[in-house]
Amino acid sequence: MSDTENHVNLLEMFNQGQFQCTSCNETLQMSEVPPLSICICTNCEGENLAPAQIAGFWLYKELAVGGMGAVYFALHADYPEDTFAMKILPRDHRDNETLIKNIKDEIGVMKALGGNEAMVAAVAAGHEDNEYFLVTRYIKGNTLDDLIVKHGKIHEDIIIQVALRILSAESYIFKQGYLYRDLKPENILIEEGGIAYLCDFGICMPISQAHQDLGDLIQGSPFYIPPERLMGEGEHAYSEIYSLGLVMYHALSGKLFYNATDIEEIAKMHVNSTSDEDMISHMQGLAPDLSNVIINMIQRNPADRYQTFLEVERDLFKIFTARSYIL
């Protein structure tokens with residue numbers, strides 16, 4: 001059975017108020033359980049998620065759940081060939097004003113940015129059925145983080161191609177007047193076939209706002225956060241370049257560039273300058289041409305880094321084409 005045929009069958013059941021146990025295929029009734037709650041099958045005692053319909057989309061399976069929101073697989077009767085991912089607020093924090101503001105901000109950012117081939121595109125967003133929601137195309141594959149966990153080190157040619165795609169997305173976002181601000185392996189999706197996409201725009205903000213001192217508002221992963229954010233010095237394209245350099249290092253080496261058991265200690269590592277000798281020592285095992293690019297991306301002083309995404313793209317493309325020519 002094709003995906004489209006399977007989706008059509010699921011949608012027919014959902015519209016009839018029914019869904020199947022994922023363990024034994026017993027037919028279950030939606031009327032007996034609240035939407036998006038766990039239902040215990042009376043036949044096999046297996047746990048199942050009760051579907052819910054929001055803005056015409058049927059949510060039927062968890063994709064990811066966190067403190068800021070929950071993401072579900074979703075289907076729509078008008079597009080049975082497609083699978084979507086819908087982000088809504090956590091069930092026990094639907095009235096949390098901070099979370100409501102966050103998802104409304106993200107919806108606003110996605111609408112302002114529009115589409116780009118290297119970004120996970122939003123297809124619907126808003127407030128309906130008493131829910132704030134954001135719907136994107138589902139990318140079938142893995143996060144870069146999943147691949148690092150599975151393989152340890154990722155081949156250099158693959159990471160160069162991933163970085164070029166992310167730089168393309170970052171450059172597009174920058175041209176729209178925004179900074180992404182949340183680069184980490186978890187937010188890079190690798191589709192089957194190796195195509196990379198940037199996702200999760202929850203802390204993306206206008207460049208003019210990011211360039212200011214945001215006070216105590218420090219968001220982002222501690223492992224890839226630019227030092228200027230920690231110091232309240234304001235951010236620019238060079239801040240995104242710093243974070244991407246640390247992500248690339250992690251993927252290539254299988255190790256975090258800065259790591260400690262305490263978050264404050266990690267923050268100090270970002271803020272304190274790293275000597276050239278320590279930088280070179282960290283890069284052992286990486287190709288010299290690629291390690292030189294990463295070193296220029298992750299300098300403590302923003303003025304010592306690449307200043308534009310195009311500069312990084314050009315150097316990475318030179319490396320990639322040189323290797324392709326040799327092959």
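1. Ground rules. This is a predicted model, where local features need pLDDT of at least 70, side-chain atom pairs count only at pLDDT 80 or more, and totals for chains, interfaces and linings use all residues. Residues are numbered from 1 along each chain as its sequence is written, and side-chain values use heavy atoms, leaving out hydrogens and water.

2. Cysteines. Searching the whole structure turns up 0 disulfides, a disulfide being a pair of cysteine sulfur atoms within 2.5 Å. C21 is in no disulfide, and its nearest cysteine sulfur belongs to C44, 3.6 Å away. C39 is in no disulfide either; for C39 the nearest cysteine sulfur is that of C41, at 7.3 Å. As for accessibility, C21 is buried at a relative accessible area of 1%, and C39 is buried at 8%. Buried here means under 20% relative accessible area, exposed means over 50%, and partly exposed is in between, with a 1.4 Å probe and protein chains only.

3. Helix α7 against helix α10. Helix α7 covers residues 237–253 and helix α10 residues 288–297; helices (H or I, at least four residues) and strands (E, at least two) are DSSP runs, numbered from the N terminus. The two pack at an angle of about 140°, with axes 8 Å apart. Axes are lines fitted to C-alpha atoms, for helices over the stretch in contact, and angles run from 0 to 180 degrees between N-to-C directions. That makes α7 and α10 oblique to each other. For the cut-offs, under 35 degrees is roughly parallel, over 145 roughly antiparallel, 65 to 115 roughly perpendicular, and the rest oblique. The crossing of α7 and α10 is left-handed; that term applies if the near helix is turned anticlockwise from the far one by less than a right angle, and right-handed applies if clockwise.

4. Who touches whom there. On the α7 side the contact is made by I241, Y242, L244, G245, M248, Y249 and L252, and on the α10 side by L290, I294 and M297. Contact means heavy atoms within 4.5 Å. By class, the contact of α7 with α10 has 9 nonpolar, 1 polar and no charged residues. In this scheme Ala, Val, Leu, Ile, Met, Phe, Trp, Tyr, Cys and Pro are nonpolar, Asp, Glu, Lys and Arg are charged, and the others, Gly among them, are polar.

5. Helix α4 against helix α7. Helix α4 (residues 156–175) packs with α7 at an angle of about 160°, and their axes are 11 Å apart. The pair is therefore roughly antiparallel, and the crossing of α4 and α7 is right-handed. From α4 come E156, I159, A163, I166, L167, E170 and F174, meeting A237, E240, L244, M248, A251 and L252 of α7. The contact of α4 with α7 divides into 10 nonpolar, no polar and 3 charged residues.

6. Positive phi. Have a look at L36, which has a positive phi of about 60° although it is not a glycine. L36 sits in the loop between β2 (27–29) and β3 (38–40), and at 9% relative accessibility L36 is buried. N130 is a residue other than glycine with a positive phi, near 65°. N130 lies in the loop between β9 (122–128) and β10 (131–137); at 57% relative accessibility, N130 counts as exposed.

7. L75. This residue belongs to strand β7 (residues 70–76) and is buried, at 1% relative accessibility. L75 and F57 are 18 residues apart in sequence, with a C-alpha to C-alpha separation of 5.5 Å. Leaving aside neighbours within four places in sequence, L75 is in contact with H7, L10, L11, G56, F57, W58, Y60, D82 and T83.

8. G177. You'll find G177 in the loop between α4 and β12 (178–179), where G177 counts as partly exposed at 27% relative accessibility. Leaving aside neighbours within four places in sequence, G177 is in contact with P206 and I207.

9. M205. Strand β15 (residues 205–206) holds M205, which is buried with a relative accessible area of 7%. M205 and I280 are 75 residues apart along the chain, and their C-alpha atoms are separated by 34 Å.
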